[in-house]
Amino acid sequence: MSEPVVSIEYLRKVYSGGVEALAGISLEVPAGCVFGLLGPNGAGKSTLVKSLLTILRPTECRGRMLGHPIGHRATLGRVGYLPEHARFPEYLTGEQVVMFSAALGHMPRAAARRRTGELLERVGLSARGRHKVGSYSKGMKQRLGLAQSLVCDPDLVILDEPTDGVDPEGRIDIRKLIEEMRGEGKSVFLNSHLLVEVEQVADYVAILSKGRVIESGAVAELTRRDLRYEIRTDGPVPFAVREPLVAEGKEVAGDLISLEAKSAVDAQPVIDRLRQAGVVIREVREARLSLESLFLAAVKGSQKEGGAL
């Protein structure tokens with residue numbers, strides 16, 4: 001099994017005035033995956049990202065990133081970063097911004113120019129590469145930020161709110177780009193408040209609240225909690241079938257039957273009963289817990305625990 005790209009044993013950050021932004025968290029990011037970092041405002045997400053990149057100096061930190069202790073300077077050259085609210089000099093062209101990032105990574109000029117052209121094409125800015133950044137929309141600046149974060153072909157890409165200010169079409173493009181990165185074997189650390197988008201691309205997530213990790217794991221496993229199956233019939237469920245189902249604890253409303261089930265096998269007895277009664281079944285589907293529901297439940301539970309202390 002591959003070593004995690006990020007393995008935090010203990011990370012604590014206390015700002016001046018005694019404000020504890022991170023309360024000694026531990027976290028692992030598997031290699032070759034998209035990892036979503038979630039949490040309400042003030043949860044400590046940006047502090048965590050900046051601590052990994054040494055933009056902030058944590059109060060205490062034990063962990064490794066890309067096989068080296070967190071803070072190892074040479075390792076940072078293997079990390080691409082798109083900060084939240086990315087800003088670039090408006091007098092530079094898009095090409096110059098990406099070329100400058102390549103130069104910071106000590107990439108030879110010819111290779112940097114070739115790589116810059118490829119990336120601007122990839123993010124949909126090839127026609128605007130020689131235009132000044134001051135003429136770019138907010139969404140175009142985000143696309144440019146993605147290009148500069150990838151120019152040195154990093155192993156780990158940290159994206160802080162990558163779709164901020166991007167229109168729906170652009171969000172789809174960025175989601176596809178993230179999926180392509182994963183397909184290339186890169187690890188993507190995604191910090192976003194858009195839970196629906198994170199659910200569409202993330203393999204693993206961690207939820208922060210008040211500087212602590214309150215939930216983490218594979219998205220597929222976390223959303224299997226309270227797994228249910230929904231069976232929709234052609235017309236309302238007949239009384240003779242509905243009453244026994246309700247008595248057994250199953251939910252029946254009109255043409256919809258909802259039941260707790262660990263797998264499709266558990267739904268078969270209900271399906272058989274409907275068939276025996278001559279009821280036409282229009283749809284059977286697995287109803288997983290959404291990432292949004294999981295997030296809200298976890299944060300609400302954390303807030304209750306915090307209030308009880």
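Close-up 1. Helices (H or I, at least four residues) and strands (E, at least two) are DSSP runs, numbered from the N terminus. Two strands pair if DSSP finds at least two bridges between them. This is a predicted model, in which local features need pLDDT of at least 70 and side-chain atom pairs pLDDT 80 or more, while totals for chains, interfaces and linings use all residues. Residues are numbered from 1 along each chain as its sequence is written, and side-chain values use heavy atoms, without hydrogens or water.

**Close-up 2. Strand E7 is largely enclosed by the rest of the structure, because 5 of its 5 residues (156-160) are buried.** Buried means under 20% relative accessible area, exposed over 50% and partly exposed in between (1.4 Å probe, protein chains only). Leu156, Ile158 and Asp160 point one way from E7, and Val157 and Leu159 point the other way. E7 also runs parallel to E6, with 4 bridges joining them. Glycine 80 is the residue opposite valine 157 of E7.

**Close-up 3. The largest pocket holds about 680 Å³ of space.** Its lining has 26 residues, of which Val79, Tyr81, Ser101, Leu104 and Gln148 are the closest to its centre. Strand E6 (79-82), helix H2 (94-104) and helix H4 (138-150) each give two or more residues to this lining. H2 gives the largest share, 4 residues. By type, the lining has 16 nonpolar, 7 polar and 3 charged residues. Nonpolar covers Ala, Val, Leu, Ile, Met, Phe, Trp, Tyr, Cys and Pro; charged covers Asp, Glu, Lys and Arg; the others, Gly among them, are polar. On a 1 Å grid over the protein atoms alone, a pocket is an open set of points where a 1.4 Å probe fits, with protein on both sides within 12 Å along at least five of seven lines, and lining residues have an atom within 4 Å of a point. A volume is the space filled by probe spheres set on the points.

**Close-up 4. An open antiparallel sheet has 4 strands in the order E2-E1-E4-E5.** Strands E2 (19-29) and E5 (68-69) stand at the edges with a single partner strand each, so one side of each has no neighbour in the sheet. Strand E4 (residues 60-65) is joined to E5 by 2 bridges, and the two run antiparallel. Arginine 64 has proline 69 in E5 as its bridge partner.
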